[in-house]
Each structure stands twice: as structure tokens, then as C-alpha cells.
Amino acid sequence: MHIFHTLFIVALVAHGTIVYGCETNPHQGVLVVAAGSFLAASSEQGVNWSPSETKGQMTFNQDTCRYEKSIGGLPANTNYDWKVAFNGQWSGDKGCNNGGNCQFNSASSGAVLLIYNPFTGQLSTSPLNSVSTVVPSVSTTVLASTCSDPYKGRIVRASGDYQTELGSSAAWLATEPNSLMALDSTSCIYFLILSGLKPNKFYEWKVTFDNSWSGSIGCGNGGNCKFSTNSAGTVKLEFDPISKQLSFRPLATVCGNGQCELGETCRTCLADCGECPPAICGDGTCEESEACDSCPNDCGKCPLCGDGICEANENYQTCPQDCLNELSGCNVFREESCESGSQSHANPGADTKRWQTPKPGTNGYQASYQDFHVLVGYADIIYTGADRHAADVCLETKHRHAGTVTLTYFFDGMAQTTKCKRFTDAYKGILFATVTGSDGSTLELPDIDFVWNANPIASRSGDFRNGQKGAVPEMFGWPHKDVKEECEFLAKAGYLGVKLFPVHEQLMSTQPFENSMNPWYFMYQPVSYNLDGRMGTREELRDLIQTCRRHGVRVYIDAVLNHFTGAGNDMNQHRNPNGCVRWGNKTSSAPVERQSPFYTHAYTYQYNPNTGKAPSNEFPAAAIGPEDFHCDRVLGSWSDLFILNNGWLVGLTDLDTSRETVRERQAAYLVDMLSLGASGFRIDAAKHMSPEDISAIMKKVQTKMGGKLPDDFFVWLEVLTGGEAGMIWQGPSWYGTMFENILKKDLGSDVEVNKIKMWDGLYPKEPQNNPTVSRHRVVIQNDDHDQQNPGSSSRDMANFGCVLVKNCPVAEHRNFEIRLFANPNGVGNNNDDWPIRFILSSYYHTHGDLGIPDGKSSCDLCTITCETCRKSVPYIKAYDKMACAYTGNGYTRTHRDIAVINAMRSWMKMLPVSASSLGIGHCG
């Protein structure tokens with residue numbers, strides 16, 4: 001039987017005709033306070049910015065299902081800041097724009113209604129004519145309100161993907177009559193009530209105007225807003241025309257209260273809605289008890305697969321003979337979105353969408369994809385002792401037909417039936433491993449290196465403390481070959497090591513992105529854990545590390561564990577549901593004979609031909625599948641730790657690092673680089689991983705390295721903080737004492753814990769706001785790579801630092817770098833505080849804002865929509881034996897400045913050197 005859901009829409013409701021109930025108040029029994037800069041100036045005469053000031057207490061309005069606080073007596077036309085606090089504490093406070101302060105203007109009346117929606121976490125305000133205080137410290141009564149509606153006379157609609165469930169011809173229509181919103185003259189809010197939607201489901205929407213998408217309003221940076229239904233399938237969408245904020249609240253229905261409410265029918269609530277009338281075939285209405293086979297007059301003829309017509313209830317999966325392999329209209333798949341607010345893991349059944357890689361001989365296949373359509377895996381190196389003179393190599397695999405296929409494992413061509421084999425330091429080669437299946441499938445793995453084959457670190461004078469103190473230049477945009485050539489200079493100058501940017505196989509494209517070819521941030525979008533990055537191949541990385549170690553210079557690498565590539569940047573075909581704009585697939589940084597396939601679910605509209613299912617998130621060359629990711633959730637709050645950890649940072653496919661299989665894979669990836677001779681890592685976007693997950697991964701690295709981390713090893717976690725610093729850093733917070741206790745439990749000793757360091761984005765402006773993390777576990781620097789582009793504002797250094805490539809005078813920048821070593825801001829003991837310090841050696845953005853001068857951001861490489869490539873960056877060689885710091889229009893080479901070098905050497909208890917002794921005597 002076919003059941004047709006009837007959807008009721010109410011745009012304007014007469015008082016008393018329909019009764020709604022609020023969902024359970026999530027803050028019931030909690031003190032909710034509007035705190036800000038306004039309270040002392042108001043008639044309340046309370047204390048500003050006090051989370052426990054009861055004169056700012058908000059009350060829950062059962063009619064609007066919102067917390068409200070009326071404020072009067074303010075000076076007219078004055079701007080104020082505010083937030084919402086709970087139970088007298090700032091922990092978990094709500095604000096605007098990623099946790100910052102919200103703002104309002106008192107207008108001519110000096111009166112305003114402060115509003116907090118507990119269901120969406122959104123704050124808004126509405127101007128009032130006047131406020132009469134009844135009980136100043138508890139509640140207020142609004143006398144009158146006047147709506148200031150900038151959209152008066154315009155058509156305002158709530159357009160979204162739910163519209164097809166209303167009977168619309170397509171989703172995302174800006175012309176759908178049933179999506180018209182109405183203005184509530186009391187709350188001054190546009191609203192639309194929907195009922196009959198599928199229960200407990202997520203939808204997306206925006207506000208459109210005048211039957212057009214021009215000027216539409218969404219969430220974040222113009223993205224789609226989300227709302228969810230409850231078990232009643234009834235929801236109220238709201239649009240504040242002043243703050244331009246979109247919100248929603250589910251509406252509850254109560255069966256048995258004597259009123260047939262929205263969301264109730266005669267079939268769902270007999271007590272309120274009465275007996276259902278009998279279905280009459282031929283009345284022109286397809287009732288729920290009728291179907292195409294029982295009443296074709298009302299319900300139409302039943303579709304017949306093979307008749308050449310793709311009927312409404314047919315699709316490519318059920319009838320490929322009649323239907324194209326794509327969704328109708330501009331629709332896209334949304335099957336990976338979170339199904340509930342508390343969900344973090346992938347949706348049930350995600351694992352069944354694995355194996356999306358095309359088979360040999362089919363469309364889209366290339367030889368480097370091997371047999372990833374049935375077989376994936378990786379090499380796991382496990383050293384047997386802390387001396388690391390022996391190691392077990394285990395080939396961890398997953399086969400699509402594991403129950404019926406037998407695997408054989410080859411180590412340097414020698415076959416065996418078990419997956420592990422032991423090697424000792426007598427083995428001096430590079431190991432080659434292959435896995436074959438009885439079904440004819442083959443998997444060739446990348447080279448396997450052992451740490452005992454890495455060159456020993458050459459000894460040098462200086463206070464290096466066995467690799468736990470020193471200065472490290474970050475070579476932003478330097479290819480591996482150029483860094484290799486620079487290692488001799490770095491050694492003579494006295495640097496502890498050199499830091500490389502991500503070396504994994506990463507996203508690349510032949511189409512411009514933001515008017516640039518292959519912007520720098522593509523480096524932070526992995527497509528596999530193979531070491532074939534933009535800056536060079538695995539062979540070039542090995543050569544670089546061996547050369548640097550021979551000179552006594554350690555190598556540190558930027559590692560990305562939080563995510564893979566951005567949603568919609570993959571091998572699939574894509575389109576935007578807003579306007580149907582389409583774009584093709586991307587490629588990778590690896591040589592063509594080693595390029596990996598990679599897939600995400602976002603913006604896809606075609607079923608995968610290899611699975612017959614909607615696309616999902618899969619990175620076969622890393623052996624990472626759909627079940628290894630968090631469900632898709634917008635990272636819409638920087639003060640909610642759950643969302644901070646589980647949300648998708650700017651749409652990047654977010655790995656579920658709570659899964660043991662993910663932790664094992666990531667630990668193996670790090671050990672692979674340590675086996676090449678790397679000495680440590682920067683962990684990118686660590687703030688978006690839970691401390692428990694990071695500690696667990698480090699424990700697995702420790703175990704795989706023989707039960708002890710190398711003596712000269714350290715990692716530093718990128719934990720960039722703003723207004724949420726107190727929640728992230730201070731006291732028993734995530735990365736305060738709580739994290740240190742977790743590390744101690746997992747790693748076992750203070751010596752091991754001290755190797756897990758934090759990058760302090762609060763330096764140099766406010767290092768005092770990081771009081772609980774021991775300074776020997778904190779690393780510092782002045783400008784960093786995230787600050788380089790025009791418009792970026794990842795850190796506020798105030799007058800304590802500056803960004804060289806943003807018009808900072810050379811002399812001023814040099815002095816800040818000198819101070820980094822001689823007398824950093826807030827230092828107590830310069831000999832021991834912050835023992836690891838970084839210098840960014842970048843490039844001037846002379847030719848383009850986002851590209852890199854490595855030759856791969858040149859518009860000459862463009863093949864698609866090349867008219868939008870307006871910021872071409874030519875190739876400039878990074879290494880120049882005679883180059884001086886701060887000169888030219890290519891690389892900055894800050895690390896070559898002799899004054900900075902000698903400040904660093906003094907800090908490291910080394911004698912000063914002359915420019916001539918470094919081969920740059922001509923540099924001033």
C-alpha cells in the first residue's frame with residue numbers, strides 16, 4: 001500500500017484557534033542571565049558582565065518558547081554588547097559569531113527585548129517603545145512594541161529541501177506559494193509553521209525575497225541553515241529581519257487534549273480528530289488507504305518499469321531502464337547528515353557504501369587505483385623494543401569479500417599466509433610489500449622504511465638538550481628539494497631543525513579556486529596518507545631527511561589528523577542545489593602513476609555505479625571508509641565542546657578519532673614518517689579533536705615505537721583560541737590540567753608527557769591567559785602561516801608582533817623576531833620557558849593572495865573555467881645560496897637574517913657568527 005503524507009502549512013494563526021506546546025525547556029531549573037555592558041546604564045542598575053547578576057535574569061516565555069528579558073532606561077541610540085550565561089558561570093555561555101559578543105542598539109526608545117532561543121542557541125533583540133518594570137530583579141512586562149521591518153512590502157519565503165514534501169515540483173524553490181512567511185507584529189519575527197514533515201529528520205533552508213535567490217539569507221557565511229523535526233513532525237521556522245538570524249523550534253502536539261492540532265490526523269490521534277471518513281474511489285483524492293492498484297482513478301496508474309517513463313516513485317536504483325542516474329531537479333544527496341543533535345558517529349549503514357572506486361576497464365579507472373574496488377590496506381610498523389633494533393611489519397587489509405577470499409602476503413617477493421613478518425637492523429634496504437587475493441585482486445603498498453636506516457643526527461655544540469630545546473624555521477611553500485639544499489645553512493646558523501608543511505598526498509585541481517590555482521590551503525586537505533605531497537615525493541622527502549640529519553638538523557612535519565579533504569572536493573560530479581551550478585572532480589599531488597581516488601558525499605546527485613548507493617566519504621588509499629567519519633554537522637559553535645569536536649570544520653570531512661581503527665591507522669601514519677627519520681610533528685586543527693582521542697593516538701605511537709617515544713621527539717598541537725580561551729586552556733579545561741592528567745595516564749611518565757607540547761596562539765599578546773600549562777610544554781612564535789593572506793585574522797598580536805607580508809616594516813619585524821629569543825613577552829625564565837620557538841620563513845604575496853610560488857599556482861596549468869584565474873603565481877626557486885633575508889619579491893627567508901640568528905644563538909648558549917662565515921657576507 002502506498003501512503004501519501006498530508007502536510008499542513010500555517011502562515012498566519014488566529015489567536016485561540018490552534019494550541020501549541022513548547023518542547024521540553026533544555027534549561028529548566030537553570031539560572032539564565034543576560035550579561036553585558038548595558039545593565040548598569042539601564043533602569044535595572046545592575047552589575048555589567050556579571051554571569052550571576054539576577055537583575056539580568058531571563059524568563060522562559062511559554063508562548064514564544066524563548067527566554068526573554070526586557071531592558072529599559074538606556075541612553076538612546078547607543079550600542080551595547082551582551083551574552084547569555086548559565087548558573088552564574090561563564091562556562092558554556094552563548095554568544096554570536098563563533099562565541100563572540102552579540103551587539104544591539106538601544107534605538108530612540110532606549111528599550112529593547114533581549115531574546116535567547118534555547119533550542120537553537122541563537123541570540124537576538126527586538127526594539128521596544130517602552131518597558132514597565134514589575135519586579136526589577138526577576139521579570140519585566142512589555143507595554144508596547146513597534147516592529148522595524150526592513151522587508152516591509154517584500155515577499156519573504158522559507159525555501160529549502162523540505163518543499164518537495166509539500167507537493168512542490170522541486171526543492172529549493174524561491175517561488176513556492178506555500179513557503180510564504182508572515183510577520184508576527186508582537187515579536188517582530190517572520191515565521192512559517194510546517195506540519196506533517198517526517199519525524200526526527202534534519203532539513204535545510206534559507207530565506208529568499210521577491211521570488212528570487214538574489215540577496216538570500218542563510219547561516220554562517222551564507223550557507224544553508226538546518227532545522228530538525230520532533231516526533232510530531234511539526235516545526236516553526238523564524239527569521240529576525242533586524243539581526244537577519246534564522247532559527248527554528250519544534251512544536252509539540254498532545255494527543256488526548258481535545259483539540260486536533262497540527263501534526264495530528266484522524267489516523268494518528270483518534271481521540272482528538274475523530275473517526276476518519278471512508279475512502280471513496282473516484283472522488284479525485286488519493287486517500288491514505290488507497291493506492292494506484294486499488295484506485296487508479298484517484299491515485300493514477302501504477303508505474304511500470306520499462307515503459308520509458310521515470311515515474312514519481314521510481315528512481316535509478318529501482319528502475320535504471322526508465323530513470324537517469326541522477327536525482328531530479330537540483331536535488332543532492334544528504335544521507336550523511338546527522339540524524340539527531342546528540343549523534344556523533346556515522347549514520348547506520350554507512351559501511352555498506354564502501355568500495356566506490358571504479359573497476360579496471362570501467363569509466364574513470366586509472367592504473368594507480370589498483371583494485372581498491374575490493375581490496376585496501378596499509379603497512380603497520382611495530383618496533384619490538386625501545387632501542388628499535390627490530391620491528392614487526394603487519395599488512396593490515398580489508399577485502400570486500402573477506403568471507404570467501406584468501407589473502408597472500410608478499411615481503412620483497414617472498415610469499416606467506418600470515419600478515420606479519422619481523423625484520424632486524426641487519427635489513428638495510430627499503431621494504432616492498434604486496435597483498436594478493438584468491439579472486440585475482442592485488443594491492444601494492446608504498447615503500448616501507450625503518451628508523452635504523454636513517455642517518456644519525458650529527459652532533460653540534462649548543463644547548464639543544466637532546467632535541468628538546470632550540471629554534472625551528474617553518475619553510476612555508478618550500479619544495480623538498482629546496483629545503484634539502486638549505487639544510488647546510490640551517491646547521492651552520494645553529495637551528496635545531498626545520499619544519500615542513502604537510503607531506504601527505506593532498507588535493508590539487510586544474511580549475512581555479514577563489515581566482516587562484518591550487519591555493520595554499522589545499523595542502524591541508526589530505527586525500528591519502530601516502531607521502532606524495534605538493535612539495536615533493538616520498539623519495540624526495542627521504543632524501544631531504546637524510547641530508548638534514550647528516551648536517552645535524554632535525555626534521556618536523558605538519559600532520560593533519562582531524563579531517564580529510566573538503567566535502568565536494570573529490571572524484572565525484574557535483575552540483576549546488578541553489579541554482580544547479582555543477583563542477584567536476586579534483587585530482588591529487590601525487591605523480592600520475594601513484595594518484596589515489598577519493599570520495600565525499602557532499603553536493604552529489606548521481607548514484608555510485610560500483611555500489612549502487614548514494615556516494616559517501618571514502619579514501620581507499622588510506623584504508624579509510626564511510627564508517628570512519630563523524631556524521632555531517634556544521635561546526636556552528638566555538639564554545640560548545642561537543643560541536644567543536646564533532647562538527648565539520650569549514651566543511652572538511654571530519655574523522656571520527658574515537659574509533660580504534662582510525663586511531664590505529666593514524667598512529668601507523670605517524671610512525672611511517674618517524675621511520676623515515678622525522679623527529680616530530682605539528683598536529684593541525686588539534687582543537688577540533690578531543691584530548692582523549694589525541695592522547696590515545698600518542699599512546700599508540702608510543703607502543704609502535706617500542707614502548708617509548710624517541711628521546712628527541714616532540715609534537716605540538718595547534719589549539720588556536722579566541723574568546724573560548726578560558727574553556728580551552730585554563731583550569732581543569734580540555735587542554736589544561738585535564739589533558740595533562742589524561743596524557744600521564746596513557747603515556748606513563750612526566751618525561752613522555754613533556755614531549756606533547758601546545759602551540760600557544762595567545763602569544764605574544766596575552767601569554768598570561770595560558771596559566772595552567774607548564775611552559776616547557778608550550779611552543780611560541782610570532783607570525784604564522786595562517787595569518788599570511790589578506791583578510792585572515794586568526795590571531796590578534798596587538799602591538800606585540802606583526803605579520804611581515806602585511807606591510808610590516810622589516811626593522812619592526814626583525815625586532816619582534818629578535819625579542820622572541822632575547823626577551824619574549826611574559827617570559828619568567830628565558831633559559832627554560834618555551835624551550836621550542838619557531839620562525840616563519842614564508843613568501844611575499846606579490847603575485848597572488850592564495851597561491852604558492854612553487855610553479856603549481858600558475859594559471860598556465862588551468863584547463864577549466866580559466867577566465868576566473870586572475871591571480872597567477874609564477875615559479876620562483878626557494879633555495880638561493882646567496883640570498884639575504886627580507887629581500888626581493890619571492891621568499892622572505894627570515895631565518896637567514898644575521899641579527900635574528902645571533903639572538904637565537906645567544907639564547908642557545910652559542911657564540912655569535914658573522915654573515916661571511918655563513919656565506920652571506922654581502923647581506924646587510
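Author: Thr125 lies in strand β10, which covers residues 122–127. The model is a predicted one. Thr125 has a relative accessible area of 14%, and because buried means under 20%, Thr125 counts as buried. Apart from its neighbours within four places in sequence, Thr125 is in contact with Trp82, Phe104, Val112, Leu113, Leu114 and Asp240.

Next come the aromatic rings. Over the whole structure, a search finds 44 aromatic pairs. One of the pairs is formed by Phe476 and Trp520, whose ring centres are 5.8 Å apart and whose planes stand at 80 degrees, an edge-to-face arrangement. Phe476 sits in the loop between β28 (470–475) and α3 (480–493), while Trp520 sits in the loop between β30 (507–508) and α4 (538–550). The two are 44 residues apart, and the pair links distant parts of the chain. Phe476 has a relative accessibility of 0% and therefore counts as buried; Trp520, at 7%, also counts as buried.

Another pair is that of Tyr529 and Tyr669. Their ring centres are 4.3 Å apart and their planes are at 15 degrees, so this pair is stacked. Tyr529 is in the loop between β30 and α4 and Tyr669 is in helix α6, so the pair ties together parts that are 140 residues apart in sequence. Tyr529 is buried at 2% relative accessibility, and Tyr669 is buried with a relative accessible area of 1%.

Phe476 and Trp520 also belong to one aromatic cluster. Other members of that cluster include Trp478, Phe501, Phe513, Tyr521, Phe522, Tyr524, Tyr843 and Tyr891.

Two packed helices are described by the angle between their axes and the distance between the axes. Helix α6 (residues 660–676) packs with helix α7 (residues 691–704) at an angle of about 50 degrees, and their axes are 9 Å apart. The two helices are therefore oblique to each other, and their crossing is right-handed. On the α6 side, the contact is made by Glu660, Arg663, Glu664, Gln666, Ala667, Ala668, Leu670, Val671 and Leu674. On the α7 side, it is made by Glu692, Asp693, Ala696, Ile697, Met698, Lys700, Val701 and Lys704. Sorted by type, the residues of this contact are nine nonpolar, one polar and seven charged.

Key: Residues are numbered from 1 along each chain as its sequence is written. This is a predicted model: local features need pLDDT of at least 70, side-chain atom pairs count only at pLDDT 80 or more; totals for chains, interfaces and linings use all residues. Side-chain values use heavy atoms; hydrogens and water are left out. Axes are lines fitted to C-alpha atoms, for helices over the stretch in contact, and angles run from 0 to 180 degrees between N-to-C directions. Helices (H or I, at least four residues) and strands (E, at least two) are DSSP runs, numbered from the N terminus. Angles under 35 degrees count as roughly parallel, over 145 as roughly antiparallel, 65 to 115 as roughly perpendicular and the rest as oblique. A crossing is left-handed if the near helix is turned anticlockwise from the far one by less than a right angle, and right-handed if clockwise. Contact means heavy atoms within 4.5 Å. Ala, Val, Leu, Ile, Met, Phe, Trp, Tyr, Cys and Pro count as nonpolar, Asp, Glu, Lys and Arg as charged, and the others, Gly among them, as polar. Rings of Phe, Tyr and Trp (its six-membered ring) pair if their centres lie within 6.5 Å; planes under 30 degrees apart count as stacked, over 60 as edge-to-face and the rest as tilted. Buried means under 20% relative accessible area, exposed over 50%, partly exposed in between (1.4 Å probe, protein chains only).
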